[in-house]
Amino acid sequence: MGETNCNSSNACGCQPQLDRRELLRLAGASAGALALPHLGQAGQVLVNDRQSFERLIPRDKGLDPRWLASLVTRNEPEVYRGWEAELKYIGMPIGGIGCGQLYLGGDGRLWLWDIFKSNYRREPDHGQRIDAFTLGGHYAHPVEFGAEYTRWNGADVDQGFALRVQTSDGTIVKSLDHHDFPNVTFRGEYPIGKVHYNGADFPVDVQLEAFSPFIPLNAKDSGLPATVMSFTVANTSDSELEVDLVGWLQNATCPYVAEASLGQRRNRIVRTASRVSLLETVEPLSVAEDPQKARRSDIVFADFEGSAYTGWTAKGDAFGSAPYRVKDLPEYVILQGYDGEHVVNSHNVRPLADDMPLNQKVAAGDRMTGTLTSDPFTISRDYISFLVSGGGHGRKTGIQLLVDGKVVAEETGRNSHQMRTEHFDVREFAGKTATLQVIDDVSGGWGNICVDQIIFTDTPPQSVGVEKRHGYGSMALSLLNPSEKEQSTSALQLAEIDDAREIFSAVDAASEKVDHVEPLDKKLVGALGSSVRLAAGESHTFDFAVSWFFPDYHEVDTAPGFLSQLRDFPQLRRHYAKSFRSAGDVADYLASNSERLLGQTPLWNKTWYDSTLPHWLLDRTFLTIDCVATQMLHCFDSGRLYGWEGVDCCPGTCTHVWHYAQGLGRIFPELERAFREITDYGIAFHEDSGLIGYRAENSSSEATDGQAGTILRVYREHQMSVDDSFLRRLWPNIKKSVQFLIAKDPERNGLLEGEQPHTLDAAWYGPMAWVSGLYLAAVGAGAAMAEEMNDLGFARQCRAIVAEGRKNIVAELFNGEYFIHKPDPAVPNAISSGSGCHIDQVLGQAWAHQVALERVIPQAETCAALASLWRYNFAPDAGRYAMEHCEIEQAFRWYAMPGEAGLLMCTWPQGGATEAIPGKRQRAKENPDVWTGPGG
C-alpha cells in the first residue's frame, strides 16, 4: 500500500542516476577543492593490486609546500567578488534558529524565502537529480540566486534596497545589488554576512552587515524570526550630502494563494516610540458580505452512507457495488479524517478470501482498477468540497470534475490514509451541467483512492480558507530606533518597478494614507525609507529589519514516517508563537532590546575572529552550525526540537547522524539538553530495555553507534550544565541505555560482536574498532556519570569493561598499522569493512577526548591509525579513485568529483575489498550509473 520508513540508502531514494558522459561534463565544469597536480588520464582498471593503489593513493601526496604553509598562516579574510564567477552562488542562512529558511545572497539581497510553511516529507519526484533540494543542491551543479530549488521549497519575494544621494551637482540613484554595483564584495563570517558597495562615481561608501541575532548560550534571543539589515553609509566626498535609503518588501503572506475570493492582503504603517514598520498581513473575506449568497444553504451531494451507489455508476472491479463500511476496511488501512460510517475506497479486498496472505491481499487490492461516475448535475454553488486520500498518481488516482465531457478540475491522494478536505472552485461554470468521476487506473503500490462527503457550498471550506493555508500570518519591514536626524518615508503600494528611481518617485508621491489592501490575486509591495544629511566624512548607520510570523503547520502532508507523524503534531506550533503574536511584535522586541540583540551578535563575531588562527579555519569550523537556521531544524512551542538529517532529508532527529555534531552542544547547550530530555530519553526511549529508538516515533529500532553517541552526548550536556539537576532527572534512563549496550557484550570483554546496525544503513557483524570504540567511550561516560550519582557499583562494572576493551581492541583488531573489522563467519553475507582502513576506526577515542574521559584506545595505536588514514585514505584525486575502484557494491556513495582531493571512507591497501561485500553486485568497469550526493 505505501512506502516504508527511510532507514536504508535505497529506501531514502537518494540514488541519482548519472551517465558517464554527464559525469565527465560536470567534472570538467567543477572547481577542485584543492589545487593539486593533475594525475593524467586513468584507464578502466580494477584497483586490486599494489601498483594501482599506489598510483591513486600515493605515499607522496604531491601537495604544494606553499599551500601547506598557507594552512597555518593567519592570512587575509576570504572575500568573494564577481557576480558570474562567485556571488550568484552564495546563499547564507540568515534567519533565526528554527524559524524557517532565508538566504542572504552575494550582493546583499534576500532569496529562497522558505519561511512561510514546512515540508512534511522529503521532496517527491526529484527525478534522482544531483541538484535536488533533498540531496543538498550538489556543489557540482549549484543553484543560482533566485533559481528554483524545487516547487516545494521557497517563494519568490520582491525585496531590496536602493540609495539616493543628492549633491550640489545633481541626484544619483542606485539599487544596492550587483547591477548598480558590479564591484560589490561579500565576506561571510557566520552569523554575519558582510557586503560592501562602492564605486568610483559614487560619493558614498556602503557597508551592510546582515544577521539574525545570534548570542551563544542564549537560544531564545538567537531564535527570532527576523533578519537585521544594518547599513552604514559614509560620505566620502568633501561636501554635505542628503542621503535617502529605501527598502521595499512584497507582502508575501499566503504566497501560494491567488484566489481573490479567499481574502486580501493589507499593508499598514505602524509607528511606535522605537520603530517605524511596514506591517504586512493577510485576512479572510466574509461571504456574509454578499447577502444573496449567504442565504444559499449547502447541498450534501454525496455522503455515501447508503448500502448502494445511488446516483453513481461503477465500472471495473475497484469500487465494488457499494460504498465501503470503514470498519470493514482491511486492518492495515488505518483511515483517518472520514465522515460517517461509509466511504468510497478502491482498495477493494471484499471479494478476496479472508485467509489470503497479507502481502498478496495488499497487492490484489491495489491491482483492482475502475471508475465511479456520478449522474449529471447542475452547478449551483461556488465550490465543490470533498474529502480525499489514497494514492498520489495524478489523474490516475483521484477525483475529477467534468464539464462538457472535459476534465476541468482534479485532485489526487498523497500516498496517505489521512483524508483531507479539498475543493473545486466552480464559479466560472455556474449553471452548467457536470459530472464527478472517481478514478483508479493504477495497479501498483498505492493504487487506490478514497473519497467521502461531497458538498456543494458557497463557502470555501475552512480547512482551505486563507486561515489554514501556507503563510497565514504577517511580515514586516522595520526601521529600528531611528535617530533624531532621520526622517522616515513610506509607500504602501508600489506599481511594477523596473528602476530604482521609480521607487523614490513613488515614495515621494505617496499620500499620508496608512492602510492599503489588495485582493489575493494582486501583487502588493510596500516601501519604507529614511533620510539623513551627512557632512563630509560623516557616516550613519540605518538599522532595518525584516521580521515574520508564520507559526502554524498548515496544509499538513500526512505521508507516513515523516514530520507529521510526531506525537501531538496537530497541536504543535513553531517556538516563537509562545513569545509573539505578529511580525510587529517581533520588530518591537528587536527595537526595545536592540542594544543587546544588535550589539552582542557583532561582539561574538569579533570575539571569534580575535585569534591568531588562520581565517580559513575560523570560517570553516563555525559555519557548519548555520544549518540550525534552515528548515533542517524545527523548534516547537512545546519545547521539543526536531532535526532532519538534512533539509527535508530522512526523518527523526536520527541518533546515528546527529551524534557527529558538536557545535550546537557547545554554543546552545540548552537545545541539546531538550533533544536528550524530550526526545532521546523521552519519546524515543524504551524503559523496558533501555533502547533509544534511533528516529524517535519514526523508528523504534536500534542504531548501535547512535545509542553510544547519545550516551556520550548526554554526558556532554551534563558537562555543559550549571549543576547536576539535568543528570539527576535522566540518570535512571541513562543507566538503562548503558546497560542496553553492555548486554550486547555478554563476555564483558569490551568488544561488540553481534548485530550492529549503524549509520551506513546496514548491520555489520563481528568486532570492529569503530563501533566497539564508541561502545567503550559510552560505557566510560556511563562510569563517570554513575560516580557522580554515587552509583559506585555500576561505575566499577563500567570501568572494568573499558579496561578490558582497551586491551582487547588492540590485541584483536590492530594489524600493526590500523584497526580492522573481523566479520562474523556465522553471517557470511553481511557487508563489512574487513581488512580495510576505515575512516571512523578511532571515532570512539575522539569522543572520549571531546568529553575528557580516560583513553579507550591507547595513544600509540591511535596515532598509528591516524597516520594510516593519511597514508591510505587521503587521495589527491578522490573522485578518480571512485571512478576506477570497481571492487565495491554497485550502490556505493560518491562524495568527490574527479580532480578533487579527499579522505576516502575505506580503502583496502592489503586487498580484501571484494570479501567486504560478499555476494553483493559490484559496480561495472564502466563509469558507475549511480551517484549519491551529500545527504544520500
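Predicted model: local features only at pLDDT ≥ 70, side-chain atom pairs only at ≥ 80, totals over all residues.
1. Residues are numbered from 1 along each chain as its sequence is written, and side-chain values use heavy atoms, with hydrogens and water left out.

2. The protein holds 20 helices and 38 strands, where helices (H or I, at least four residues) and strands (E, at least two) are DSSP runs numbered from the N terminus. Of its 936 residues, 57% are buried, and buried here means under 20% relative accessible area, with exposed being over 50% and partly exposed in between (1.4 Å probe, protein chains only). Among contacts between residues at least 6 apart in sequence, 75% join residues at least 24 apart, a contact being heavy atoms within 4.5 Å.

3. Strand β5 (residues 159–167) pairs with β6 in the antiparallel sense over 6 bridges, and two strands count as paired if DSSP finds at least two bridges between them. Within this pairing, L163 has K174 in β6 as its bridge partner.

4. A second open sheet has 3 strands in the order β2-β3-β4, again with antiparallel pairing. Here β2 (91–93) and β4 (110–114) stand at the edges with a single partner strand each, so that one side of each has no neighbour in the sheet. Neighbouring strands are turned by 30° against each other on average, direction ignored. Strand β3 (residues 101–105) pairs with β2 over 3 bridges in the antiparallel sense, and with β4 it also pairs in the antiparallel sense over 3 bridges. Y103 in β3 is the bridge partner of P93, and Y103 also stands opposite W111 in β4. The hairpin formed by β3 and β4 has 4 residues between the strands, and G108 in the turn has a positive phi of about 95°.

5. What surrounds W111, leaving aside its neighbours within four places in sequence? Its contacts include I90, G91, L102, Y103, V143 and F145. With 4% relative accessibility W111 counts as buried, and its strand β4 has 5 of its 5 residues buried, so β4 is largely enclosed by the rest of the structure. W111 and P93 are 18 residues apart in sequence and 9.7 Å apart in space, C-alpha to C-alpha.

6. Turning to the helices, α16 has 20 residues and reaches 28 Å from its first C-alpha to its last, close to the 28 Å expected at 1.5 Å a residue; the expected span is 1.5 Å times one less than the number of residues. Because 18 of its 20 residues are buried, α16 is largely enclosed by the rest of the structure. Just after α16, N790 takes a positive phi of about 60°.

7. The axes of α16 (residues 769–788) and α18 (residues 843–850) come within 7 Å and cross at roughly 25°. The two helices are therefore roughly parallel to each other, since angles under 35 degrees count as roughly parallel, over 145 as roughly antiparallel, 65 to 115 as roughly perpendicular and the rest as oblique. In their contact, W770, G773, L774 and A777 of α16 meet L843, G844, W847 and A848 of α18.

8. V856 lies in the loop between α18 and α19 (859–873), and at 1% relative accessibility V856 counts as buried. Beyond its neighbours within four places in sequence, V856 is in contact with residues including G773, A777, G844 and A848.

Key: Axes fitted to C-alpha atoms, helices over the stretch in contact; angles between N-to-C directions.
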